[in-house]
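This report covers one protein model. It begins with single side chains and ends with the whole chain.

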Amino acid sequence: MNLVLDIAWTHIAARLRQTVVAVAGVAIGVGFSIMMAALMQGSQEDFVRTLVNAMPHVSINDERREPPRQPAEEAFDAAQIRGLTPATRRRGINNPIATIAALESWVPGAVTPSVQARGILRYGGKDVASVIVGIDPQREPRVSQLVTQMKQGSMPALYRATNAIILGDRLAEKLGARIGSNISMSAGTGKVMTGQVVGIFRSGVRTVDEGTSYVLIKTAQVLAEQTGLINEIRIRLNDPMASRAVADRIIADTGLKTVSWQEANEDLMSAFVIRNIIMYTVVGAILLVASFGTYNIISTITFEKSRDIAIMKSLGLSQSTVRRIFILEGLAIGLAGALGGAVLGFALTQAMLTVEIRTGFTDSTHLPLVVAPLHYLIAGGVALASSAIAGYFPARKAARLHPVEIIRGAT
């Protein structure tokens, strides 16, 4: 084994310039793949942390995924009813207290009722559309980060003023309102109320900060002219990634329209999948090009060392031993490139952390990156595997050479 290692090292050192180029190619591929993996995982985790924490993981409203079946359809398979005009029904979730109690018995998280209405906020001659959410300040901290997002005022202040309202900071900026301002609230029903601003929050998600406001549940009910109305139940799970499964079970149990955060942001999630495919394709192409550099150097060594191969085989070295020599040369280049790529990848990720950027979707000012040992293991493993494969084919060719043919053809 010492002889095999010594021969392999001699071959690599004899062509130092080409070896350095091959190692640099592998290192660049590994380094950039580590940086891209850190950027992809970091951006996705930042998306989950910022956007998902600013909204419920699962929301249930008083609509239905499918219209209720008629008694005739239940009794007769051949019955089909078309053009039916349904009776006008009162909005809201039927028996919300019992529904919430049933959900709390099995849902792995917190559940809270709310009332959601769309309306117009008016102040100082400015009209701004807003989603007005009626909440219970005592239960709200279980399902949202609103308590920690308060810039001015507090959630309990909703109890301290008549028709108190909490505004997003960008919404307050549009209106020109501040703490203590009396603003007009009007809903689609035509109901108009005057409320007092008692708090301003900042979630970090521009769309939420520009278009969301919070009031007490009873205030939202009066504004919607639906006393006792609960038209939304919001759920925050211990594991956000279980939202789809929980939503599907709720639909099967209640028939109510239930939306997980993945479904609510399906376009964004699809964009992440497409972006990941593109990123991994680019990383794979970089590593593939680097492996061709390894293949080139091993092929050159094989061609130039034909007489050495003949001498080694005439001295009794087997085909497997000769093949092992050139595979070790490929692995040595891959290992050196992987180690250099790990250093380069760490340097690139640290450099990317200093870059300031504003996307307009969130208030993040720096690129979110996650430095994980798994990224280094995957990139290094791929580099070693590609280098071993790149070294195998020239090694197989070298091992098959017959000493007599080489010596006869030598000049």
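In this predicted model, the charged end of R249 sits over the ring of W106, 3.8 Å from the ring centre.

Aromatic pairing comes next. How many aromatic pairs does a search of the whole structure find? The search finds one. F201 and Y214 form this pair, with an edge-to-face arrangement. Their ring centres are 5.4 Å apart, and the planes make an angle of 65°. F201 belongs to strand β7 (residues 192-201) and Y214 to strand β8 (residues 212-216), so the pair ties together parts that are 13 residues apart in sequence.

Are the two partners buried or exposed? F201 counts as buried because its relative accessibility is 1%, under the 20% cut-off. Y214 is at 9%, so Y214 counts as buried too.

S243 is a further buried residue, with a relative accessible area of 0%. S243 lies in helix α9, which covers residues 243-254. Neighbours within four places in sequence aside, S243 is in contact with H57, V58, L237, S260, W261 and Q262.

| Residue | Relative accessibility |
|---|---|
| F201 | 1% |
| Y214 | 9% |
| S243 | 0% |

Now the whole protein. Its secondary structure comes to 15 helices and ten strands. Of its 411 residues, 45% count as buried. The accessible surface comes to about 21,700 Å², and carbon and sulfur atoms account for 58% of that surface. Among contacts between residues at least 6 apart in sequence, 76% join residues at least 24 apart.

Technical notes. Residues numbered from 1 in each chain as written. Predicted model: local features only at pLDDT ≥ 70, side-chain atom pairs only at ≥ 80, totals over all residues. Heavy atoms only, no water. Helix = DSSP H or I, 4+ residues; strand = E, 2+ residues; numbered from the N terminus. Buried < 20%, exposed > 50% of the residue type's maximum accessible area, 1.4 Å probe, protein only. Contact = heavy atoms within 4.5 Å. Areas by Shrake-Rupley, 256 points an atom, 1.4 Å probe, with all protein chains shown as cover. Phe/Tyr/Trp six-rings, centres within 6.5 Å; stacked < 30°, edge-to-face > 60°. Lys NZ or Arg CZ within 6 Å of the ring centre and 35° of its normal.
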